[in-house]
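Welcome! Please take a moment to look over the sequence and the 3D structure shown here, and then we can walk through them together.

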Amino acid sequence: MSSPTGPANGLPVRMPRPRQTGRHRRPEPAVAPEGAPALVLAVPGAPSAASRGLAEEIISIGRSELPGLDARIGYLEGVDGEDAARAEFPSLSGVLTAVANERAARAEFARAAGHDVPAPTGPDAVVVPLLAGPDGGLLRRVRQALMDSSAAAELADVLGPHPLLAEGLHVRLSEAGLARADRARLFTVATAADGIILATTGGEEAVQAAGITGMLLAARLAVPVMAAALDQEGSVAAVAAELRGSGSAQLALAPYLIGPEAAEGLLDSACKEADCATAEVLGAYPALGKLAVAQYSAALGITLGAVSQ
């Protein structure tokens, strides 16, 4: 029979594991500070069930990275005005206005209940563009949405360049049979490309930024990687010709895109132009949720721990 303080004599006693100390101690899980601004994911492109599912998955990963996070989704081409709050695809400016109104209403309710609540300070929201790179045209529209709303909002950086995006591109290429999944495994992929076109949108600035991630991808694959602009006529063909001229015989196109930002048919046209196969867009690659939270915390000056490389 067990005693009130433990099991009978002779049986092992489960003791609590001592807390690790020093540099091997596990960090305490971060949680969103009370009253922290909302993270609003700005989704480009025409709203659709696919883009909503993608955004919701990224938001879900973000909430798992930072429990307690108030995260919303706003669409650059969503519904504006009074109908935004009830719309299936609310506009970015409408979501920001709703966030600001809710914050003010909570403070007013607390004051009405007799609590001494100071007026809200700091931003109502931090807007994180759902973009892998700096697309100037889309970012101008995001800034305009911030100005059109009644919210005090901060604009975070786009998600790349980052080593995790190079990892995602590698995964998508390997899923399409266009790259080895692991350089350490010496198996042969018959369709593996020996030259990669890293395709992005946003013009020359986006191409230069993509080139940084391209260098990281080249180091992973040990093949040349060059960036090209999908939305600049002749850019993909010129890069394909340069890679072939330098000795690459089997090219592949790696879309440096999350998905909604690319016009329909753009990737198909690029593949025909370069006469090569393509991998899928990054889509809801899990690292995107981590990067969204990392950009949110950076905009607020909050240290939530390093995003793994």
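This is a predicted model: local features need pLDDT of at least 70, side-chain atom pairs count only at pLDDT 80 or more; totals for chains, interfaces and linings use all residues.

Let us begin with strand 1, residues 38–43, and strand 2, residues 71–75. These two strands run parallel and are joined by 5 bridges. If you look for a pair of facing residues, you will find Val-43 opposite Tyr-75 of strand 2. To get from strand 1 to strand 2, the chain passes through helix 1 (residues 49–65), and this β-α-β crossover is right-handed. Strand 2 is mostly covered, with 4 of its 5 residues buried.

Which of its residues are buried? They are Ser-51, Leu-54, Ala-55, Ile-58, Ile-59, Ile-61 and Gly-62. Viewed down the axis of helix 1, these buried residues fall within an arc of 160 degrees, so they line one face of the helix. That buried set packs against strand 1, strand 2 and helix 8 (287–300). On the face turned away from the buried side, you can find the exposed residues Ala-49, Ala-50 and Ser-64.

Is Gly-94 buried or exposed? Its relative accessible area is 15%, and a residue counts as buried under 20%, so Gly-94 is buried. Its C-alpha atom is separated by 8.7 Å from that of Gly-78, a residue 16 residues away along the chain.

At 1.5 Å a residue, the 13 residues of helix 3 (residues 136–148) should span 18 Å, which agrees with the 18 Å between its end C-alpha atoms. Buried in helix 3 are Leu-138, Leu-139, Val-142, Ala-145 and Leu-146. These residues cover an arc of only 110 degrees around the axis, which puts them on the same side of helix 3. Arg-140, Met-147 and Asp-148 are exposed on the other side.

Now turn to an open sheet of 4 strands, with the order 6-5-7-8 and parallel pairing. Strand 6 (225–229) and strand 8 (277–278) are the edge strands, each pairing on one side only. Strand 5 (residues 195–200) runs parallel to strand 6, and 5 bridges join them. Here Ile-197 stands opposite Met-226 of strand 6. Helix 4 (residues 163–175) packs on this sheet, where it touches strand 5 and strand 7 (251–255), and its direction makes about 130 degrees with that of strand 7. Helix 7 (residues 266–274) lies across strand 5, strand 7 and strand 8, and runs at about 160 degrees to strand 7.

Finally, a few backbone details. Most residues other than glycine have a negative phi, and most peptide bonds are trans. Between Gly-160 and Pro-161, however, the peptide bond is cis, with omega about 5 degrees. Pro-161 belongs to the loop between strand 4 (153–155) and helix 4. Ala-222, in the loop between helix 5 (203–221) and strand 6, has a positive phi of about 60 degrees although it is not a glycine. Asp-275, in the loop between helix 7 and strand 8, also has a positive phi, near 55 degrees. Asp-275 is exposed, with a relative accessible area of 62%.

How values were computed
Residues are numbered from 1 along each chain as its sequence is written. Side-chain values use heavy atoms; hydrogens and water are left out. The expected span of a helix is 1.5 Å times one less than its number of residues. Buried means under 20% relative accessible area, exposed over 50%, partly exposed in between (1.4 Å probe, protein chains only). The arc is that of the directions from the helix axis to the C-beta atoms. Two strands pair if DSSP finds at least two bridges between them. Contact means heavy atoms within 4.5 Å. Axes are lines fitted to C-alpha atoms, for helices over the stretch in contact, and angles run from 0 to 180 degrees between N-to-C directions. A crossover is right-handed if, with the strands pointing away from the viewer, the path from the first strand over the helix to the second runs clockwise.
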